[in-house]
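Please look over the model shown below. The paragraphs after it go from the chain as a whole to a few single residues.

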Amino acid sequence: MVEAQQDLNQKLPQQRSGALTRMFREHPQSLGMSWLGHGVGALRIGSQLIAAGSACVIHAIVPAWFTQTAGRTVDRLHQQMIHRRAGASDPNQWPDYEI
């Protein structure tokens with residue numbers, strides 16, 4: 001019984017480590033990025049989408065304001081993603097989304 005408990009105690013940290021590695025590194029590595037590089041890119045894209053969404057909310061209240069902001073933001077982000085996909089080592093393995 002003691003031996004089984006010791007064996008279990010040794011396996012648990014390895015399983016946790018494997019889960020943490022998958023959680024934080026698997027996706028960025030699949031894109032050829034580090035965790036930090038992926039995080040910076042995701043924050044940049046996210047902040048641009050939040051700004052575009054805020055412009056949409058303001059546009060809903062005052063239709064004359066921000067008439068093209070959201071559309072231009074989405075177009076620009078889409079072009080950036082297409083450019084990155086084309087530059088990937090295997091563009092066919094690149095996901096349809098990037099975040």
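Read along the sequence, the pattern of the chain is α-α-α. In total the secondary structure amounts to three helices and zero strands, where helices (H or I, at least four residues) and strands (E, at least two) are DSSP runs numbered from the N terminus. This is a predicted model, in which local features need pLDDT of at least 70 and side-chain atom pairs count only at pLDDT 80 or more, while totals for chains, interfaces and linings use all residues. Residues are numbered from 1 along each chain as its sequence is written, and side-chain values use heavy atoms, with hydrogens and water left out.

The chain has 99 residues, and 16% of them count as buried. Buried means under 20% relative accessible area, exposed means over 50%, and partly exposed lies in between (1.4 Å probe, protein chains only). Among contacts in the chain with a separation of 6 or more, 44% are between residues 24 or more positions apart; a contact means heavy atoms within 4.5 Å.

The chain exposes about 7800 Å², of which carbon and sulfur atoms supply 60%. Such areas come from the Shrake-Rupley method with a 1.4 Å probe, and for residues only the protein chains shown count as cover. On this surface, Leu20, Met23, Phe24, Trp35, Leu36 and Val40 make a nonpolar patch of about 670 Å². The elements giving two or more residues to that patch are α1 (2-30) and α2 (35-61). Patches consist of residues with over 30% relative accessible area and no salt bridge, with like charges joined within 9 Å and nonpolar side chains (Val, Leu, Ile, Met, Phe, Trp, Tyr) within 5 Å. A salt bridge is a side-chain nitrogen of Lys or Arg within 4 Å of a carboxyl oxygen of Asp or Glu.

Tryptophan 35, a member of the patch, lies in helix α2. Its relative accessibility is 52%, so tryptophan 35 counts as exposed.

Glutamine 48 is also placed in helix α2. Here the relative accessibility is 17%, so glutamine 48 counts as buried. Leaving out residues up to four places away in sequence, glutamine 48 touches Thr73, Arg76 and Leu77. With arginine 76 there is a polar contact between the two side chains, at 3.2 Å. A polar contact is a pair of N or O atoms within 3.5 Å; within protein, one must be able to donate a hydrogen and the other to accept it, and residues adjacent in sequence count only if both atoms are side-chain atoms.

Arginine 84 belongs to helix α3 (residues 69-86). Because its relative accessible area is 28%, arginine 84 is partly exposed. Its C-alpha atom is 9.9 Å from that of leucine 31, a residue 53 residues apart from arginine 84 along the chain.
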